[in-house]
Amino acid sequence: MKFLKPKFWESKNNILTILLFPISILFYLLTTLKKTFTFSKKFKIPIICVGNIYVGGTGKTPISIMIANNLKIKKKNPAIIKKYYKDHEDEHKIIKKMSDCLILDKNRVEAIKKAERENFDLAILDDGFQDHKIKKKLNIICFNNKQLIGNGLVFPAGPLRESLSSLKRAQIVILNGERNKSFEKKIFNISKNIKIFYSKYLPKNIEEFKNKKLFAFAGIG
């Protein structure tokens with residue numbers, strides 16, 4: 001499904017933002033009730049969640065792969081857990097190629113159970129911060145500096161799955177891009193215990209493409 005980010009997600013004063021705000025309040029109340037009445041299951045193996053609060057991509061999958069590969073160097077046996085969506089098969093292939101420890105299921109809980117049965121000693125949730133059925137050992141939240149939190153409002157009036165205050169449940173924040181002291185301050189106002197790290201995408205083989213004519217396209221956001 002093609003999805004374009006609405007321009008009004010960057011403003012609190014747009015007429016569409018104002019009209020949709022009551023629906024956002026209802027969405028927030030429903031998600032809060034669901035979270036309150038959901039029992040979190042604890043697993044035998046520790047769970048690291050790499051999630052976000054922004055609707056759309058913020059770099060969760062590359063971080064999940066990096067964590068898995070670094071844990072393998074440390075002689076751990078991690079599994080990357082991802083909820084199965086049929087139209088995400090290209091992404092699944094990339095994860096398998098780069099880490100070879102992907103477990104897919106339409107239910108994340110069942111995927112973690114499978115990881116336990118197959119003797120993995122740690123699970124990395126690629127997405128799942130809003131899945132309250134799973135008790136996590138560590139929550140890592142990803143942001144992209146080009147969009148951050150938009151107008152700061154919850155969907156549909158804004159681009160957030162839940163409010164910024166949900167970072168109280170997180171231990172680490174990863175910001176992709178240049179340092180942003182203003183946003184750091186917002187994070188520390190919510191929790192002074194959060195550790196903030198920065199990431200940047202760098203091409204490994206740029207020399208191969210110098211002085212060549214290229215045609216490029218992106219199939220994954």
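## The second largest pocket

The second largest pocket is lined by Ser 40, Phe 129, Asp 131, His 132, Ile 134, Lys 135, Lys 136, Asn 139, Arg 169 and Gln 171. A pocket is an open set of points on a 1 Å grid over the protein atoms alone, where a 1.4 Å probe fits, with protein on both sides within 12 Å along at least five of seven lines; lining residues have an atom within 4 Å of a point. The space in this pocket is about 160 Å³. By class, its lining holds 2 nonpolar, 4 polar and 4 charged residues.

## Basis of the model

The model is predicted, and local features need pLDDT of at least 70, side-chain atom pairs count only at pLDDT 80 or more, while totals for chains, interfaces and linings use all residues. Residues are numbered from 1 along each chain as its sequence is written, and side-chain values use heavy atoms, without hydrogens and water.

## Packing of H2 and H3

Helix H2 (residues 60-73) packs against helix H3 (residues 89-99) at an angle of about 20 degrees, and their axes are 10 Å apart. H2 is therefore roughly parallel to H3, a term for angles under 35 degrees.

The contact (heavy atoms within 4.5 Å) involves Thr 61, Ile 65, Asn 69 and Lys 72 from H2, and Glu 91, Ile 95, Met 98 and Ser 99 from H3. These residues comprise 3 nonpolar, 3 polar and 2 charged.

## Backbone features in two loops

Phe 155 and Pro 156 are joined by a cis peptide bond, with omega about 5 degrees. Pro 156 belongs to the loop between strand S5 (138-144) and strand S6 (172-176).

Lys 75, a residue other than glycine, has a positive phi near 70 degrees. Lys 75 is placed in the loop between H2 and strand S2 (78-83).

Definitions and conventions. Grid points are joined across faces, edges and corners, and a volume is the space filled by probe spheres set on the points. Ala, Val, Leu, Ile, Met, Phe, Trp, Tyr, Cys and Pro count as nonpolar, Asp, Glu, Lys and Arg as charged, and the others, Gly among them, as polar. Axes are lines fitted to C-alpha atoms, for helices over the stretch in contact, and angles run from 0 to 180 degrees between N-to-C directions. Helices (H or I, at least four residues) and strands (E, at least two) are DSSP runs, numbered from the N terminus. Angles under 35 degrees count as roughly parallel, over 145 as roughly antiparallel, 65 to 115 as roughly perpendicular and the rest as oblique.
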